[in-house]
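Please look through the structure below before reading on. The questions and answers that follow go from the whole chain to single residues.

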Amino acid sequence: MLLELIDLLVPQECVHCARPGRSLCSACTQELNGRGHRVDPNPVPPGLPPAFSISEYSGVARSVVLAHKERGVRSLTRPLGWALARAVAATGYGSVMLVPIPSSRQSRAIRGEDTVGLLAHCAARDLTAAGMRADVQPVLRQVRARLDQSGLGQAARTTNLAYAFVARPWRPSGAVILVDDVITTGATLAEGARALRAIGVRPVAVATVAATALKKGEH
Ligand SMILES: [Zn+2]
């Protein structure tokens, strides 16, 4: 609430092109209007459901995601939520339960709230307004990866994930879709999917605002 007020009071410029006015100018908003499409990483980490996104993680999408996540520019939650909603809609399911990937404890401590959760709620409202059934269930919780990793998923063990997820017991009504702001290798989302399967819930897709185009050597 306070951050939203500060957004309104401080003179704004576009977070991408610095045009004075709104925090995202109308020209840059157009760049976020892409259609949702499949963006599976290569290679696909074990257990990652089909991935959907609307934009490559560069240009406007990158500027907007970073300003929202790192600088807490709350007026960007709506355009990002709308972008996430279209990625979710591209999965083809009419009744969805969105499960946000929790922000890391460190970044949450800085910002005081969970930015992906905000996007998920915004996206669910947009999808509901568009006639779908959509809800948000923040059932995942981050746990520090222990030395004994026998309980962790493949993704958490074979990548540099310093943490893993646990899910609280939950019985979904609708297609379960994991959501995050950006997908890169897919390791974090695959770990989220593993944690859901551990409580007997099978996520059918993952949806993000943007997808990093991996270059050779980044896998
Ligand atoms: Zn702009």
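A nonpolar core is a set of buried Ala, Val, Leu, Ile, Met, Phe, Trp, Tyr and Cys residues joined through C-beta atoms within 7 Å. A residue is buried if 20 or more other C-beta atoms lie within 10 Å of its own, exposed if 12 or fewer, and partly exposed in between, with C-beta atoms placed from the backbone. This is a predicted model, in which local features need pLDDT of at least 70 and side-chain atom pairs count only at pLDDT 80 or more, while totals for chains, interfaces and linings use all residues. Residues are numbered from 1 along each chain as its sequence is written.

Q: Which residues of the largest nonpolar core touch the most other members?
A: In soluble globular proteins, nonpolar side chains tend to be buried together. The largest nonpolar core here has 61 residues. Those that touch the most other members are Leu 84, Val 88, Leu 98, Ala 123 and Ile 177.

Q: Which residues does Val 88 touch, not counting residues up to four places away in sequence?
A: Two residues are in contact if their C-beta atoms, placed from the backbone, lie within 7 Å. By that rule, and with residues up to four places away in sequence not counted, Val 88 touches Val 96, Leu 98, Ala 123, Leu 127, Ile 177 and Ala 207.

Q: How many helices and strands does the protein chain have?
A: Helices (H or I, at least four residues) and strands (E, at least two) are DSSP runs, numbered from the N terminus. The protein chain has 219 residues, of which 43% count as buried. Its secondary structure comes to 8 helices and 9 strands.

Q: At what angle do the axes of α3 and α4 cross, and what is α3 to α4 in consequence?
A: Axes are lines fitted to C-alpha atoms, for helices over the stretch in contact, and angles run from 0 to 180 degrees between N-to-C directions. The axes of helix α3 (residues 59-70) and helix α4 (residues 77-89) come within 10 Å and cross at roughly 120°. Angles under 35 degrees count as roughly parallel, over 145 as roughly antiparallel, 65 to 115 as roughly perpendicular and the rest as oblique. The crossing of roughly 120° therefore makes α3 to α4 oblique.

Q: Which residues make the contact of α4 with α6, and how do they divide by class?
A: Helix α4 packs against helix α6 (residues 115-129) at an angle of about 65°, with their axes 7 Å apart. On the α4 side the contact is made by Thr 77, Arg 78, Leu 80, Gly 81, Trp 82, Leu 84, Ala 85, Val 88 and Ala 89, and on the α6 side by Leu 118, Leu 119, Cys 122, Ala 123, Asp 126 and Leu 127. Ala, Val, Leu, Ile, Met, Phe, Trp, Tyr, Cys and Pro count as nonpolar, Asp, Glu, Lys and Arg as charged, and the others, Gly among them, as polar. The residues of this contact divide into 11 nonpolar, 2 polar and 2 charged.

Q: Is Val 99 buried or exposed?
A: Val 99 has its place in strand β4 (residues 95-100). Leaving aside neighbours within four places in sequence, Val 99 is in contact with Gln 137, Val 139, Leu 140, Val 176, Leu 178, Val 179 and Leu 196. Because 29 other C-beta atoms lie within 10 Å, Val 99 is buried.

Q: How far apart in space are Ala 175 and Pro 203, C-alpha to C-alpha?
A: Ala 175 lies in strand β8 (residues 175-183) and is buried, with 20 other C-beta atoms within 10 Å. Leaving aside neighbours within four places in sequence, Ala 175 is in contact with Tyr 93, Ser 95, Val 96 and Val 204. Ala 175 and Pro 203 are 28 residues apart in sequence, and C-alpha to C-alpha their separation in space is 7.1 Å.

Q: Is Ala 18 buried or exposed?
A: Ala 18 lies in the loop between α1 (2-9) and α2 (26-31). Its phi is near 70°, a positive value in a residue other than glycine. Because 9 other C-beta atoms lie within 10 Å, Ala 18 is exposed.

Q: Where is Pro 43 found, and what is the peptide bond from Asn 42 to Pro 43?
A: Pro 43 is found in the loop between β1 (37-38) and β2 (51-53). With omega near 5°, the peptide bond from Asn 42 to Pro 43 is cis.
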